[in-house]
Amino acid sequence: EADAAEGEENFKKCKSCHAITAPDGTEIQKGGKTGPNLWGVVGKPVASSPDFKYGDGILAAQAKGVVWDEAQITTYLADPSAWIKATTGDESLKSKMTFKLTDEEDAADMAAYLATFK
């Protein structure tokens with residue numbers, strides 16, 4: 001079973017590109033702005049942060065109506081470009097995010113951690 005506490009510990013791998021900032025501006029995890037804010041990502045439509053410029057691959061997944069859940073995030077984190085290709089059915093698309101959490105347990109833990117922010 002996924003462990004949100006382990007996901008929190010592993011978030012340091014994500015901080016160079018992502019932050020977790022609450023709607024009131026509270027910084028849960030200070031981080032970079034290369035990727036979108038991950039507050040409340042679980043349950044949101046893919047590519048739905050209004051202040052972020054997404055790449056074509058993730059926008060194509062958005063057009064399919066995909067909503068982030070823990071399973072989708074776990075698969076995405078393991079190989080973002082493979083997830084985009086499988087989700088959209090377009091082998092020419094890829095993710096702007098090149099980082100991978102190849103350990104499935106680490107990816108599941110990260111998804112569980114992200115699910116705690118609602």
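**Close-up views of a predicted model**

**Figure 1. The whole chain.** This protein is built from 5 helices and 2 strands, and what you are looking at is a predicted model. Walk along from the N terminus and the elements come in the order α-β-β-α-α-α-α. The radius of gyration is 13 Å, close to the 13 Å that the globule rule gives for 118 residues, so the protein is as compact as a globular protein of that length. Boxed along its principal axes, the set of C-alpha atoms takes up roughly 35 × 30 × 25 Å. As for what is tucked away, 42% of the 118 residues count as buried. Take the contacts with a separation of 6 or more, and 44% of them join residues 24 or more positions apart.

**Figure 2. The surface and its charges.** About 6600 Å² of the protein is accessible surface, and carbon and sulfur atoms supply 50% of that. On the charge side, there are 13 positive and 19 negative side chains. The centres of those two sets sit 9 Å apart.

**Figure 3. Helix H5 and what it packs on.** H5 covers residues 104-114, and its buried residues are Ala107, Asp109, Met110, Ala111, Ala112, Tyr113 and Leu114. These buried residues pack against H1, H3 and both strand S1 (20-21) and strand S2 (27-29). Zoom in on the start of H5 and you'll find Asp103, with a side-chain oxygen that comes to within 2.9 Å of the backbone nitrogen of Glu105.

**Figure 4. Thr74 in helix H3.** Thr74 belongs to H3, which spans residues 70-78. Its relative accessible area is 13%, and because the cut-off for buried is under 20%, Thr74 counts as buried. The side chain of Thr74 reaches back to the backbone oxygen of Glu70, at 2.8 Å. Setting aside neighbours within four places in sequence, Thr74 is in contact with Glu104, Ala107, Ala108 and Ala111.

**Figure 5. Asn10 in helix H1.** Asn10 sits in H1, residues 4-10. With a relative accessible area of 9%, Asn10 is buried. Leave out residues up to four places away in sequence, and Asn10 touches Asp106 and Met110.

Notes. Residues numbered from 1 in each chain as written. Predicted model: local features only at pLDDT ≥ 70, side-chain atom pairs only at ≥ 80, totals over all residues. Heavy atoms only, no water. Helix = DSSP H or I, 4+ residues; strand = E, 2+ residues; numbered from the N terminus. Buried < 20%, exposed > 50% of the residue type's maximum accessible area, 1.4 Å probe, protein only. Polar contact = N/O pair within 3.5 Å; in protein donor to acceptor, adjacent residues only side chain to side chain. Contact = heavy atoms within 4.5 Å. Rg over C-alpha atoms; globule rule 2.2 N^0.38 Å. Areas by Shrake-Rupley, 256 points an atom, 1.4 Å probe, with all protein chains shown as cover. Lys, Arg positive; Asp, Glu negative; His and termini not counted. Charge placed at Lys NZ, Arg CZ, Asp CG, Glu CD.
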